[in-house]
Amino acid sequence: SLAIGARFVPSGCEEVTVVISAVRPKPRVMRFKVESDLTRERIEGIAHDVETGVKPMTNVHGDALFQSWRARAAGVHVSRALSELAASASS
């Protein structure tokens, strides 16, 4: 599961908070200072940082490929959610 929050100010997005559950025993909270517009490059950078930083547990069913898929899926979902947030903030 995934929750994303963003704080927008007149000059753009100030901060993004990502909370990811179901990959560790307790939810992982990740905060990112943006302090500008949520551009495609910034969104992909945050998604990449989530993907590399989420570290799914290895003691659940599935091999290493499944664990890496879980991290990749987290990055994809973060990218999609931030893209929707950016679009709704600009309209």
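Biologist: What makes up the accessible surface of the protein chain, and how much belongs to carbon and sulfur atoms?

Modeller: The surface comes to about 5,700 Å², and 55% of that belongs to carbon and sulfur atoms. Such areas come from the Shrake-Rupley method with a 1.4 Å probe, and for residues only the protein chains shown count as cover. Do keep in mind that this is a predicted model, where local features need pLDDT of at least 70, side-chain atom pairs count only at pLDDT 80 or more, and totals for chains, interfaces and linings use all residues. Residues are numbered from 1 along each chain as its sequence is written, and side-chain values use heavy atoms, with hydrogens and water left out.

Biologist: Why is I43 called buried?

Modeller: Buried means under 20% relative accessible area (exposed is over 50%, partly exposed in between, with a 1.4 Å probe and protein chains only). I43 has 3%, so I43 is buried. Across the protein chain, buried residues make up 34% of the 91 residues.

Biologist: Which residues is I43 in contact with, leaving aside its neighbours within four places in sequence?

Modeller: They are L38, S79, L82, S83 and A86, where contact means heavy atoms within 4.5 Å.

Biologist: Where is I43 found?

Modeller: I43 sits in helix α1, residues 40–53. Helices are DSSP runs (H or I, at least four residues), as are strands (E, at least two), numbered from the N terminus. The protein chain has 2 helices and 3 strands, running β-β-β-α-α from the N terminus on.
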